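Dear colleague,

Here is the structure I promised to hand over to you. Please open it beside this message, and then read on for what was found in it.

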Amino acid sequence: MRLQLRKPFQTLDKAYARQAVSGEKLDTFCRALAQLMLGVDEKETDEYQTALVARFLNDTFSAETYEVSTALGVDLIVCPNPEKAGNAGPSVVIETRKAFAGEMITPIKNNVKSLHELILYYFDAQEVDPTRNISQLIITDAYNWFIFDETDFRSQFYENPRLRKLYQLKRQHQKDNAFFYAETARILRELNTEIPVTYLNLREVADALKLPADQGNRVLIPVYKLLAPDHLLNSSATGKTNPVHPRFYDELLHIIGVQEAEEKSGKRLCRLPEKTRLPGSLIELVIERLVQENRLFAVPKPEQYGATESEQLINVALALAVNWLNRILFLKLAESQINRYRQGNQSVELLTGRSIETFSALDGLFSDVASNGKPWLPGWMSSLFGKTDLEQNTLSIRQLPNEAKLPLFAETVLTDSGRNIQSEQVPTLHYLLHFLDSYAFSVDTPALIELPGKPHINAAALLHCWDRLSACRRGMLPAPAVVTNYAVREAIRRAAISRFNEQFEWNCVDLAGVQERLTSSDLTRANDLIDSFRILDPAVGGGAFLSAALNELIVLKAELGILRDLTGRPVQSYGFAVIDNALLITTSDNEPFDYFLGDPNSSRFSGLEIQRIQETILREKQTLIANCLFGVDTDRLSVSLCRWRFAIDLLKSVYWSDLEASGNPALSRFGRSLEWNTKIGNALLSGFSFDFRVDSLKRPLRDTVQKAFKQYRTDAQSWKRGFDTDEGNRLELRMRAFRELLAQIALADQKDVVAIRKLEAKLAQAALTFDVVAQSMAQQKLTERLHQLKKAFENKQQLLSQAFEWRFEFPEVLDTDGNFVGFDVIVGCPPTAWHSTSGSEKGYYQKAFLNTYTAKANPYVLFVELGLRLLKADGQLAVVLPANWVKSGNSSKLRQWLKTKAIEQITDFADQMASNKNAVRPGVLIVRNAGSTGTFLATKIDTLSNTADVDSESITVFVDTLADKAWALSGNNAS
C-alpha cells in the first residue's frame, strides 16, 4: 500500500477554492494555529493531544457550524452544530496521536496502528448504522494531518474483500482488537494500490504566519478552507456554481429601474410598473431624454427593439443603460487586476478615489479609455469604450441630468457599509458609484481576503449577473455553469475526434487515440486545425457557452500537447481545466497558477516563466475569439453582454507587457473581432436559403456579385485585424454596398415580387378594354388582389428586416466561391418560450421549418432544426433544453424528425435546479449531423461536480423502439 499525497488545493472544490475569505475569520484561524503550535508537547499523552486539537477546531470554527465532541471508539467527532445547521448532516472522524508517536502515520510509514484503528472504527460505524453520513476521516498528531475522503476510504478499505472477511471473522469469533490490527497490517502490506489522502504539515503552514500578508495568505487560505465546515462537512457552499451576490444583483436592478417579473414560463426582465417607477433610475432617465429629444426615430431598424414604440423605447433605453454600466463594472475589474500587477508602484485609480461628480465627467473617462489615454490599460480595451452606433444615433451618458435623484434600495449596502448617506433620495450618479465602491472587485485570483463591510464580487459572480439579465430577457433562468461546461465539452471533443480523423485519415475513437498518434511533425498542423474550428451559439444570450468553448479549446490544446508560446516552445507541466466557466491553470506542483508580479521592473522580469505562460494564454484567447467563436441574438443587450464577457476573459490573462502596449494598433483594434463575430439578428429568419448559389444568377449580375463577394471576404478580414479611420470608412462603405446588393438580389429572387409585377401588368392591360362594365369589375378584383399581395409583401419585408443572413454574414463558413460550408459545432441554450410572434412570423416558420414546426412548438424546437442546418457534415450540436422535451406534446414533431438523425446522447441532469422553484430541470441533446445510427445513449446525472468528472448512469436506446407520443429513456427497456 502506498499513499497518494495531495495538497489542499488539489482536494478543494475548485470553485470554492477561488472564493474570497473573511479577513476576520482568517485572523481567528491564524491565532488558533499559533496557539496550537505553542501547545504541542511531545511528552504529553494522546488525551492531551486530543484536547489540543479539539480546542484548535473550536477556537477557529465552532461559532459557525462545527460541534467537536468525543465519542466511544474514536477520539473526536466533528458534526454540524445543531443550533446552526439542524441535526442532519455528515460527520468527520478524527483519530489523534501525540506528536511523533510511533503509531502515527507518516508519508513514508503508513501501515501503522492509527490507520488500523480508523479502519476498525469505520467498519463498526457501518455495521451499527449503515446510513450514517461520514464525509472525512482524519489522523493527526496536531503537526501532521492525513485527511481521507470517505468515498476513497470506503472503496479502498471497506470494500476490500479480505478486510471485510477479517471483520466478519472478528465479530463471529469475538476476536479482540489486537487481532484485527495485526491481520489488517498483513493485508495492507500485500495491498498493491495507492490510497489518495490529503496531507498537511501544520508546522510548515505556521511558518507562513511570519511572512508578509500577501505571501503568507497564499499558504494559509487553502489550509483554512481545507479545515472549514464548507469542505470538511460538505456544506452547501462547497461546489456552489454560478455564484452571485443576491444583494448586489437586486440593488443593481433597483439602480437600473427594472425588475424580474413572474411569468408562466419563468421570470422576465421588464420595466417597473407605472405606479412604482423611479424617475431617477437609469432606464427612466434615458427614456425621458429619448422622448424629449425625439431620438427614437434615428434608430436604424427600430423593429429590432420591439413591435411597438413603447417596447422600442424600453429596449433602447435598457441597451444604452446596461452598456454604460458594463463599462463602469469593467473598469472596476480592470482597476483591481492592474493594481495587483503594479504592487510597489503607484496604484491606478479609474473610478475609486476619482472625482467624478457629473455624467459628463464619466463620459470623459470613457473617451479617455477609448482614445488610449490611459497608458496602463491594455490597448485592446479602447474599442470597447468608443461610441456605439446606438449612442451616436440616440444619446450618450453625458446627456443625463446630474440633478436626478434616486431613493435608496430597501436593503442597500450603503447603509451597512457605514457611509454617511441617510437621506431618502440621493443623486443617481453618486448612488451608483458609491454603491459599486462598497464592493471589492477582482477578476480571478485564488487567495483574496474579504474586507470587513466590503463584500467581494469576482468576475464569475459579475458574469452570472449578466447571464441572469440576458436569460430573464427571454423569460428564463441561465443554465448552471456545470451544465454549460458539460454540453460544450462533449460537443467540442466529439467534433475534434471527427476532424482529426478526417484531416489525418485516422480512425481514432477518443482523444487519447488522437494524442497517441500525433507526432512532433504534426503539431503545427494540429494547432492550425483547432484554430480553424467554427463554433456557433445561434441564441448567444450573455455568451456563457462561447466563453466555455474558448476555455475548452485551450484545455484541448494543452491535453493534445499543441499549446505553444509565440516562439513555438511547448507549454508543459501545467494542468488546464474548465471550472465554473473559468479556465483554471495549475502548476507542476498542483498549485494554482497565479500571475502576480511584485516588481515588474526587476531585472529578472523578462525571463520569468510566469510571464511566458500569461502571454501565451492571452494570445491564444485572442486568436480563438477572432477565428473560432461566433454568436447571434435578436437582443442587442444580450449581444453587448456577450462582447463584454469576452473582454473579461481577456482581462483575466492580461500580462505586464500588454499593459505597456497601448500604442500597438493590432492590440488596440482587437475589439473589432468582438463586433464582427457577435451580431444582432433573428437567427430563425433568413431571406436566402442555405443552398443559394451565386453561380445560379444570370450574367452580368453573377459576375458583379462574385466580384463583390471576394472583396467582402477581404474586407471582413481587414475589419477583424483593425484599421485606421480612413480605411475604416472605406471598409464600411464597401460592406454596406455589398449588403445593399444582396438586398436587391433577394428582392428580385422572391416569387411574391414577380406575382405583384405580373398583377400590375394585368391591371394596366385591363384598363385598355372597351367594355366599361367588365373593365370596372375586373379592375376592382385585380386592385383588391394587388392590395392583398402588397400588404403581405410589406409584412414579409418588415419581418425580414430582422433576418440574419447566414448565407453571407460569416465569410468564415463559406468557401472561396461563396457557398455555405457550415460550422463544426453548434452549442447553446435556446429560448424556451416565445416573447411575441406575429401572424406573418408564424407563417414564415411554418414554411421554413417543415420538420419541426407546429402551432404549439416552443422556439427551442426550431433552433434544433436550424442548428443541424448550420452544421457541416458530421458536425456536432449540443444544446441545453428543458428535460421534459422528450415527453412534451409541443416537441412531438421534433422527436419524430430526430429519429432520422444521428442522436448521440440525451442527458437528464435530474434535480440540478430543483432548489429554484422558477427553474426548469435541464437536459442536454447531442446530435451529429448525419443519418440515424439506430442507437444512442440516454444518461442520467444525479450529481455534477465543477470538474469533467460526473456521476452518471447510461443505457443504450434503440431508436426503432421509441414511441411516437413520448420517449421513456429509463429502465431496462428504453422506449
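A polar contact is a pair of N or O atoms within 3.5 Å, and within protein one of the two must be able to donate a hydrogen and the other to accept it. Please keep in mind throughout that this is a predicted model.

With that cut-off in hand, you can look at the start of helix H7, where a side-chain oxygen of Asp149 comes to within 2.9 Å of the backbone nitrogen of Thr151. Helix H7 itself covers residues 150-158, and its buried residues are Glu150, Asp152, Phe153, Gln156, Phe157 and Tyr158. Because these residues cover an arc of only 165° around the axis, they lie on the same side of H7.

How confident is the prediction for the protein chain? The average pLDDT of the protein chain is 84, and 86% of the residues score at least 70. Among the elements of the chain, strand S16 (residues 535-537) has the highest mean pLDDT, at 98, whereas helix H28 (residues 665-668) has the lowest, at 43. Two stretches should be read with care: over residues 416-420 the pLDDT is below 50, and beyond near neighbours in sequence this stretch has seven contacts in the model. The pLDDT is also below 50 over residues 662-668, a stretch that has 17 contacts in the model beyond near neighbours in sequence.

Turning to charged side chains, the count comes to 40 salt bridges. One of them joins Arg186 to Glu183, with the closest N and O atoms 2.6 Å apart. Both residues belong to helix H9 (residues 177-189), and because they are three residues apart there, about one helical turn separates them. Arg186 is partly exposed, with a relative accessible area of 33%, and Glu183 is likewise partly exposed, at 23% relative accessibility.

A second salt bridge is formed by the side chains of Lys557 and Glu620, at 2.8 Å from N to O. This pair links distant parts of the chain, since Lys557 sits in helix H24 (residues 544-560) and Glu620 in helix H25 (residues 609-628), 63 residues apart. Are Lys557 and Glu620 buried or exposed? Both of them are buried.

The side chains of Arg699 and Asp703 also meet in a salt bridge, with 3.7 Å from N to O. Here Arg699 is exposed, with a relative accessible area of 62%, while Asp703 is partly exposed, with a relative accessible area of 36%. You will also find a network of salt bridges that links Glu95, Arg97, Glu103, Lys113 and Glu117.

Finally, there are two backbone angles to look at. Which value does phi of Phe100 take? Phi of Phe100 is near 65°, which is a positive value in a residue other than glycine. Phe100 lies in the loop between strand S5 (91-96) and helix H6 (113-128), and at 45% relative accessibility Phe100 is partly exposed. Glu505 has a phi near 60°, again a positive value in a residue other than glycine. The loop that holds Glu505 runs between helix H21 (481-504) and helix H22 (511-517), and Glu505 counts as exposed, because its relative accessibility is 72% and exposed means over 50%.

With best wishes

Note on methods
Residues are numbered from 1 along each chain as its sequence is written. This is a predicted model: local features need pLDDT of at least 70, side-chain atom pairs count only at pLDDT 80 or more; totals for chains, interfaces and linings use all residues. Side-chain values use heavy atoms; hydrogens and water are left out. A salt bridge is a side-chain nitrogen of Lys or Arg within 4 Å of a carboxyl oxygen of Asp or Glu. Helices (H or I, at least four residues) and strands (E, at least two) are DSSP runs, numbered from the N terminus. Buried means under 20% relative accessible area, exposed over 50%, partly exposed in between (1.4 Å probe, protein chains only). pLDDT is the predictor's confidence in each residue, from 0 to 100. Contact means heavy atoms within 4.5 Å. The arc is that of the directions from the helix axis to the C-beta atoms.
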